[in-house]
Amino acid sequence: MLNELINSFLNFIYLRWLGLTIILLSTILVLSLYPINNLITSTAGNDKIFHLLSYLILSFPMSYKKPTSYRLIFIFFVCFGGLIEIVQPIFSRSRELLDFISNTIGIILGMIMGHLVKVSHKHWFIFWVSW
């Protein structure tokens, strides 16, 4: 039962990775540029965790799809996060180096997790089929 649920979830991500990535990019863009005084800010100090998790979740589907170049994914997502940090002051937000570092760590972790899940899922599937 749990294996079927996990397989369904991973299959969903594998088949819809591009749409998921576009939705996640759009969501991160809007939330990152929305003026902070309009957001509920009960997250003092926790925002770095949110940055890390957001970019981890963003980079996972594309990495799980097993791209032709992990380097291009990394460069694209790091540039995306960096450009957001650069333009945030225009939208009454602060530019923070620690946000950028948290984004980058999230990207790296998401890419590692996507690759590891892809490889382990593939081996698990081969084992299951050969059983």
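Buried here means under 20% relative accessible area. This cut-off applies to the close-ups below, which show a predicted model.

**View 1. T104, a buried residue of helix α5.**
T104 sits in helix α5. Its relative accessible area is 16%, so T104 counts as buried. Leaving out residues up to four places away in sequence, T104 touches F74 and V78. V78 is among the buried residues of α4.

**View 2. The largest nonpolar core.**
This core has 13 residues. Those touching the most other members are I28, Y55, L58, F77, F80, I84 and I107. Two or more residues come from each of α2 (17-33), α3 (47-64), α4 (70-87) and α5 (97-130). The top contributor is α4, with five residues. In soluble globular proteins, nonpolar side chains tend to be buried together.

I28 is in contact with S54, Y55, L58, F80 and I84, once neighbours within four places in sequence are set aside. Y55 and L58 are buried residues of α3. F80 and I84 are buried residues of α4. I28, Y55, L58, F80 and I84 are also among the core residues that touch the most other members.

**View 3. L29, a partly exposed residue of helix α2.**
L29 belongs to helix α2. Its relative accessibility is 35%, so L29 counts as partly exposed. Beyond neighbours within four places in sequence, L29 is in contact with F80 and I84. L29 and F80 are 51 residues apart in sequence. Their C-alpha atoms are 8.8 Å apart in space.

S32 lies in helix α2. It is buried, because its relative accessible area is 11%. Neighbours within four places in sequence aside, S32 is in contact with I84, Q88 and R93. V87 is placed in helix α4. At 28% relative accessibility, V87 is partly exposed. V87 and S32 are 55 residues apart in sequence, with 9.8 Å between their C-alpha atoms.

Helix α3 has 18 residues. At 1.5 Å a residue they should span 26 Å, and the end C-alpha atoms are 26 Å apart, so the two values agree. Buried residues in α3 are K48, H51, Y55, L56, L58, S59, F60, P61, M62, S63 and Y64. K66 follows α3 and has a positive phi, near 60°.

**View 4. Helix α4 from end to end.**
Helix α4 has 18 residues. Its first and last C-alpha atoms are 26 Å apart, close to the 26 Å expected at 1.5 Å a residue. The buried residues in α4 are I73, F77, V78, F80, G81, G82, I84 and E85.

**View 5. The second largest pocket.**
This pocket holds about 160 Å³ of space. Its lining is formed by F9, L10, F12, I13, L20, L24, L56, I57, F60, P61, M113 and V117. Two or more lining residues come from each of α1 (2-15), α2, α3 and α5. The lining has twelve nonpolar residues, no polar and no charged ones. L56, F60 and P61 from this lining are buried residues of α3. Rolling a probe the size of a water molecule over the atoms shows where empty space is left.

Notes:
Residues numbered from 1 in each chain as written. Predicted model: local features only at pLDDT ≥ 70, side-chain atom pairs only at ≥ 80, totals over all residues. Heavy atoms only, no water. Core = buried A, V, L, I, M, F, W, Y, C linked by side-chain atoms within 4.5 Å. Buried < 20%, exposed > 50% of the residue type's maximum accessible area, 1.4 Å probe, protein only. Helix = DSSP H or I, 4+ residues; strand = E, 2+ residues; numbered from the N terminus. Contact = heavy atoms within 4.5 Å. 1 Å grid on protein atoms, 1.4 Å probe; cavity = no way out; pocket = protein on both sides within 12 Å on 5 of 7 lines; lining within 4 Å. Points joined across faces, edges and corners; volume = space filled by probe spheres on them. Nonpolar A, V, L, I, M, F, W, Y, C, P; charged D, E, K, R; others polar. Expected span 1.5 Å × (residues − 1).
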